Amino acid sequence: MHIRLVAPRAWRIHTIAAVRNLTPREAEKTVDLGEKQRHHYINTFFVLDPEFPFHHDLVIDNSRFNLVQIAEIVFTALSARFGETLVSA
């Protein structure tokens, strides 16, 4: 299953600045570098447009869900796709 986590640029900059104790400018540079590296990796190994939405089975906005919620979404999608219960209610 191919899963992509996305989030608004401003949210990513703010979060990276807070987590890594960086200035907003340093965090912005980190986000820019990460985007550049991600695009290079995808274009090198997969020869795909990284922005094309249909390369992924699931796209989740990381700014709207916490880590536990994202894990539950992914496990639920895996259960639905493969017909097994991975998450107990």
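Where is the place of Ala 77?

Ala 77 sits in helix α3, residues 67–82 (helices are DSSP runs of H or I with at least four residues, strands are E runs of at least two, and both are numbered from the N terminus). This is a predicted model, where local features need pLDDT of at least 70, side-chain atom pairs count only at pLDDT 80 or more, and totals for chains, interfaces and linings use all residues. Residues are numbered from 1 along each chain as its sequence is written, and side-chain values use heavy atoms, with hydrogens and water left out.

Leaving aside residues up to four places away in sequence, Ala 77 touches Met 1 and Leu 58 (contact means heavy atoms within 4.5 Å). Between Ala 77 and Leu 58 there are 8.2 Å in space, C-alpha to C-alpha, and they are 19 residues apart in sequence.

Helix α1 covers residues 9–20, twelve in number, and spans 16 Å from first C-alpha to last, close to the expected 16 Å (1.5 Å times one less than the number of residues). Just after α1 comes Asn 21, with a positive phi of about 55 degrees.

The axes of α1 and α2 come within 8 Å and cross at roughly 115 degrees (axes are lines fitted to C-alpha atoms, for helices over the stretch in contact, with angles from 0 to 180 degrees between N-to-C directions). On the α1 side, the residues meeting α2 include Arg 12, Ile 13 and Ile 16; among their α2 counterparts are Ala 27, Val 31 and Glu 35.

## The largest pocket

The largest pocket has a volume of about 400 Å³ (the space filled by probe spheres set on grid points joined across faces, edges and corners). A pocket here is an open set of points on a 1 Å grid over the protein atoms alone, where a 1.4 Å probe fits, with protein on both sides within 12 Å along at least five of seven lines; lining residues have an atom within 4 Å of a point.

Its lining has 18 residues, with Leu 5, Arg 12, Val 31, Glu 35 and Arg 38 nearest the centre. The elements giving two or more residues to that lining are β1 (3–6), α1 and α2 (24–45).
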